[in-house]
Amino acid sequence: MVPVSHTITDLGMFIVGPLMDALSESSLYSRSPGQLIGSGSPLGLKLQKFLVAYISLLPEEIKSSFLLKFIQRMTSRHWCAVPILFLSKALANIPRCKALGIEGLLALRDVLQCTMITHQILLRGAAQCYLLQTAMNLVDVEKVSLSDVSTFLMSVRQEECLGRQTSLWTELCDWLRVNESCFRRASIGSSTGLHETSTLNAYVKSLVQEYIKSPAWDRGEKCCMPDWFEAKLVALMVLLAVDVEGMRSQYSEKRRTQNVLRIFLDPLLDALVKFGTNAYMPLLRTDRCLQLLLKLLHTCLLKGSSSQDDEVFTLLQNFILSTSESISEFILRRLTMNELNSISDLDRCRLYLMVLTELINLHLKVGWKRGNPIWRVISPLKNASMLHLQEMDSGQEPTLGRQIQGVVSMASLAMVCEATDQKPELQLDSLDAGPMGRLLCSLPLNQTLQKPRTDGESSFSEESSSSQGWGKIVAQYIHDRWVCLSFLLKKYHTLIPTSEGEILEPILPAVQMPERTLQSALEALTILPSDQVLPVFHCMKILVPKLLTSFESLCIESFDLAWKIISSLSNTQLIFWSNLKAFVQFVFDTKVLTIAAKIKGQAYFKIKEIMYKIIEMSAIKTGVFNILITYCCKSWIVSASNVSQGSLSSAKNYSELVLEACIFGTVFRRDQRLIQDVQTFVENLGHNCAANIVIENTKREDHYVRICAIKFLCLLDGSNMSHKLFMEDLAIKLLDKDELVSKSRTRYYVNSQQHRVKNRIWQTLLVLFPRFDQNFLNRIIDRIFQAGFVNNQASIKYFIEWIIILILHKFPQFLLKFWDCFSYGEENLKTSICTFLSVLSHLDIITENIPEKKLILKQALIIVLHWCFNHNFSIRLYALIALKKIWGMCKALHVEELDALTSVIESSLNQVENMQGAGNAKKNWQRIQEHFFFAAFHPLKDYCLETIFYILPRLSGLVEDEWISIGKFTKFTDIPLDAGFQWYRSPTHLCELKPGDWAQQDIGSNSGEADNQSEWTDVQKKIIPWKNNVPDLDLELVFQDRAAKLGKSISRLIVVASLIDKPTNLGGLCRTCEVFGASALAVGNLQCIRDRQFQHLSVSAEQWLPLVEVRPPQLIDYLQQKKAEGYTIVGVEQTVKSVDLTQYCFPEKSLLLLGNEHEGIPANLIQQLDVCVEIPQQGIIRSLNVHVSGALLIWEYTRQQLLRHGVPAARSSGLI
C-alpha cells in the first residue's frame, strides 16, 4: 500500500507541473454548448472546487509549501488574461488559513505583475481583485509586517480594482482592523526607514512623519524630482487607516474620524502652510508634500466613491483649502521668478500646474468666489508668463535657464486657457484675451526652441542625459502653444473670415488668416509625436468648417494627414481613443458634413471614404465604429432639436453611416468570443467584483453600435418631413442591402454572417415601421412580399411575417396584393408558402379594425383549403394551423355563407386532432400548435424593442451574440431615451418562455427529454422540422427490401454524414458506402445529390444506396432512436478516451458518426456516442480528410464482418 501522504504529494507535483501547463491554454475556459453568455467557465468552476477540496485534504505542513509552489508557478510564464483570471479566482475561494508568509506575499506580488501584460483592462482588474483577496485569506499576518503589506498593496493598480467604498476596499479595511495587532513587528527599520509599531494608526502616523522629512539625499536646487511611489503608498495607507477608524467607530463619532485624519496629516499641513513664507524650505520636501497632496485627492476620488456623501473627502478638502493661499503663492513664485531653470525642473512645473488645477477644482466644488487665493494668483501668473515669452522673442542669446522659463511660461498659459475653457464659471475678468491674444497670435505657431548653449558649471549634455531630451521639450512647448491657440479660436471664432480678402478687427494674425493657421496645423502634425496632437485637432475642428468652401484641397489634406496618424496607432495605446475622438469630432463635425454635402466636391467623397475605413478598422479594433456613430447621432439629435424642417438634411446625405451601424457586427474568432464571454461573466458579477465599479464601462462592444443607431431612430419624429425622408431613404437602402445579400449567396448557413446581416436588416425595418405611411408602403410593399419568397433562415422569416401582419393590420387595403402572393406557381411557392400561411394564422389581428370580415374570411378559407391538400406534409401542417384559426373566426361570427364547407372543414380538423398512433404526424401537429409564434406571440402586444432584439432572436435559435438585452439599451446613455420608453419592454409572458419550451419541438426531439445542448438547435427553415422528421417506418426493412430487389447484399452499418458540408466529401462517401454495402447513408440535406461535384464523385452511387435526410438539429433524436433499436453509436474522433481502430471490434449493428471537416464532432454529440475510434497515425499532420477517415472505418467494419462470417475479406470486397 502507498502511504496517503505520498499520494497527495505526487498529486501536488502533478498539479504544479503538467496540470498548470495545461491550464494555461485559454480555449479550455470556453462555455459549454447551451450555456448563456456570461454564465461562466465550467472549467473555471471545476478548478475552483477542485483546488478548495484538495487544499482541505492537505496536512498543515504540506499546505504552505504547495500553495507557495502553486503561486510561484503562476509567475513562471506569460499567462493570458483568461487563465490568470480563473486561477486567481480559484485561489481567492480557498478558505482562510495561515499558509503564506513573506515569501508567499512576494510571490503574489509577482503574479500581480503578470496580470499587467494583458490589454483586457476589466479582466486585469478582476484578477487583481482576486489576488488581493487571496492575500487576505492565505497570508499569516504574524509573519508579515504592515510595511510588507503596504508595499504589496502598491503592486495593485488602484485605478483598476481598489476604489474607495467598493466591496474590496471595505473587505481590506476590515482585514486590517481585525489583524492590526497581529502583524509582525520589525526590530530594524523597514524599507521606508521606519520601526514597526503596534497599531495601524501609529504606523501610518510614523509613515507620514518620515515621508515629510527632507531626505538625506536632498542635493539642493539641482536635484531631480522624487519618484511618485512613496507618495502613492503614504496616501493609500492614510485613507485606509482613516476608513478603518471609521469602521471601528461605525461613524458614530465623526469627530473622532476628523481627529484621526488631522493627526495623520498634521506634518503635511504644517509644511504646506509654510510654503508661502519659508523661502528656504528644501526643494525635495516641497516636491514630496505636493505629490502627497495630489495622491490623497486622486486616491480619495477614485471611481467607486461618491464625494457628496464622503465625510473623509469633505474633511480632506477643507484641510487642503485652508492651505491653498500658501500653496498658490509658492507655485506663483516658482513659476514666475526664474527659479525653474534646469531640465529636471520641467517635471516640477507639471507638478505645480497639476496642483493648481486641483485647487481650482476644489474651490469650484465649494463655490467659486471672486477674490479667493487662486483667483488672486491667476492674473499675475498670466502676466508674468506673457512677459517671459516676450523676452524670449527679443533676440537675446538663448541660455538654458531662459529657454526653460519660456517652456514653463507657455505651459502656465496653456493651463490657464484650459481651465477657463473647461470651467466658464471661473469668470476671470483678468482673462480678457486682448493682450494675451495679440501676443500668442504674433508668435510663430510652430516655433522650435533653439538648443541652448552649455556653460562651464552645468553642461547641457550632462543634464540631458538624465532627462527627457530636448526634442520632447520642444514638442511640449509647441503642444502648449496650440492649446492656447485653440482657446483663442474658440473665443474669437466669429472673427474668423470664411473667404479670402476679408480683414477683420482686432488684428489677430492666427485668427485673421485661417488658411495660414491650418497650413501650420498640418506642419505641426508632422512635427509633434502622436501623444501631443490633440490641441491641433481641436484647432482644425474650428478652422475646417470656415475654410471648406474656399480651400477644399487644404481641408482634404488635413483629413488625410490626421487619418494617417490615427491609423498608425494601436488601440492598446492610451492615446488612441482620445485622438480618435478628436479626429472624429473635426472630420464629422455637423458643419463640415453639411457644407461637404452641399458642394458635393472631393471633400464629400473623402469623408465617406474615411467613414468606410473606420468601419473596416472596427473589425480589428473593437470600439472604433462606436466612437463615430455615437458622435454623429448625438450631433444630429442636437441639430434636430434646434432646427425644424431642415434639421436632418445633412444626415440624409450620410444615411449609409446609419445603415452600416444598423447591420454592424462581426463574427468573432473563437479567442475573441472567449474574451467577450469572460468579460460578460465579470460584468455580471456586478458590485461583487470591485473592477466593475472602478473601471469605467467604455461601451466598446459591437452591440452598442446598433443600440446607438436604433435609439437614434427611435427619437426621430415621423411628422417632421426631414425626419420622415431620412427614415424612408434608410428603409429603401435596407431593402436594397437585403436583396444584395440574398443574391450574393442563395444558400447560407444558420448564424453565418449573411444570416446575421439579414436578421439585423429586418429588425431595423420593424423599428422603423410605425413611421411608414401608406404612400411610402405603396412603394415598398411588393419588395416586402417578395422577401417572403426568398429561402431565409427561421428568425428572418419570423420578422418578415411579423412586418407583413403589421402592415395588413394598419393598412387592410394591401390585402389584395397579399392574396396575389398565393397565385404564383406551386414550384415557386413550395419553400415560401409557409411564410404566407403563417401570416394567415394571425388573421384575427389583421382584421381587428375591419368591420366587415366575411369576404376576407371566405377568401382566406378558399386559399387555405387548397393548401390543406398539398402533397408536402409541412405545408399541410401550416395550412391546417391557419385553417383552425380562420374557421374559429367564422364560427364566432356565424358566417352562414360558409355552412356548405362545415362538414369538410370539421372532419379535416377532427381527423388531425384525433389521429391515432404515436407517429410523427400527430407529434408534429401538437408541436406546431404549441410553437411560440402561433401559441404565445401577439404581433401587436409584443411589438417592442425587447421582443425584436432579445426575445425573438433567443427563441428562434440565433446564436447568443445576436441577443441584445433591453438593459443594454437603458445603460447606453449617450443617446437619451425617447418619450415612449415604455415600449422598450415586452408586456406579455412571451419574455418568460425558454428556448427549451419550443426549440425541442422545432428540432423534433422528444418533448419529455431535457435537452440543454442549444448549439445544434438552429433550424434553417421552420418548415424543415416537420418535413424531415425521422420516418415512422422501420428503415432496415425498407432497405432490406430494396437490396433484395437490387440483387445485392447489405450490411447492418449506417453511416451518418450530416455534419459534413463539402459535396466532394459527401459524393466520395456515398460511393464508398455503396461499394461496401452500407445499409444507409444519412446526410444533412438531400439536395446535395443534385450538386455536380457530388455527382462527379459518387458516379451514380446515390441511385443504389438508401439515403436518408437527418439534419444536424435532428441528430440527437436520430442517434437515440438508433440506440433504442440496438445500434452501437461509433464516433470517428480523437478524444481522451478514444480507442485505436486496430484494437476495436465493431458490433454488427453499428452506426458510424463522422464529424465536420473543420470542427469535428461537437461536444453535445460526443456525449451521445458509445465509443470514439481514432485512426493510428505516424506522420506530423494531425488528421485525415473526413472522406478518407470514413472509408478506412467502413472498410475495417466490412473486413471484420466478412471474417466473422468466414468470407475472405479481400476477395469479397473485389479488391483483388
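Modeller: Asp266 and Arg262 both belong to helix H12, which covers residues 254–273, and they sit 4 residues apart, about one turn of the helix. The model is a predicted one. Asp266 makes a salt bridge with Arg262, and the closest N and O atoms of the two are 3.0 Å apart. That distance falls within the 4 Å cut-off between a side-chain nitrogen of Lys or Arg and a carboxyl oxygen of Asp or Glu, so the pair qualifies. By this rule the count of salt bridges is 43.

Next, the contacts between helices. Helix H6 (residues 121–138) and helix H9 (residues 167–179) have axes that come within 11 Å and cross at roughly 15 degrees. H6 and H9 are therefore roughly parallel to each other. The crossing by which H6 passes H9 is left-handed. On the H6 side the contact involves Cys129, Leu132, Gln133, Ala135 and Met136, which meet Leu168, Glu171, Leu172 and Trp175 of H9. Sorted by class, the residues of this contact of H6 with H9 are 7 nonpolar, 1 polar and 1 charged.

A second pair is helix H28 (residues 602–618) with helix H31 (residues 655–662), whose axes come within 11 Å and cross at roughly 10 degrees. That angle makes H28 roughly parallel to H31. Lys608, Met611, Tyr612 and Ile615 of H28 meet Glu656, Leu657 and Glu660 of H31. The contact of H28 with H31 divides into 4 nonpolar residues, no polar ones and 3 charged ones.

An open sheet is formed by 7 strands in the order S3-S2-S1-S6-S4-S7-S5, with parallel pairing. Its edge strands are S3 (1107–1109) and S5 (1139–1140), each of which pairs on one side only. Within the sheet, strand S1 (residues 1053–1057) runs parallel to strand S6 (residues 1150–1153), and 4 bridges join them. Leu1053 has Ser1150 in S6 as its bridge partner. A helix also lies on this part of the sheet: H53 (residues 1063–1075) lies across S1, S2 (1080–1083) and S3, and runs at about 165 degrees to S2. An angle over 145 degrees counts as roughly antiparallel.

To return to the part you asked about, the salt bridge of Asp266 with Arg262 lies inside the one helix H12.

Technical notes. Residues numbered from 1 in each chain as written. Predicted model: local features only at pLDDT ≥ 70, side-chain atom pairs only at ≥ 80, totals over all residues. Heavy atoms only, no water. Axes fitted to C-alpha atoms, helices over the stretch in contact; angles between N-to-C directions. Helix = DSSP H or I, 4+ residues; strand = E, 2+ residues; numbered from the N terminus. Parallel < 35°, antiparallel > 145°, perpendicular 65-115°, else oblique. Left-handed = near helix turned anticlockwise from the far one by under 90°. Contact = heavy atoms within 4.5 Å. Nonpolar A, V, L, I, M, F, W, Y, C, P; charged D, E, K, R; others polar. Pairing = 2+ DSSP bridges.
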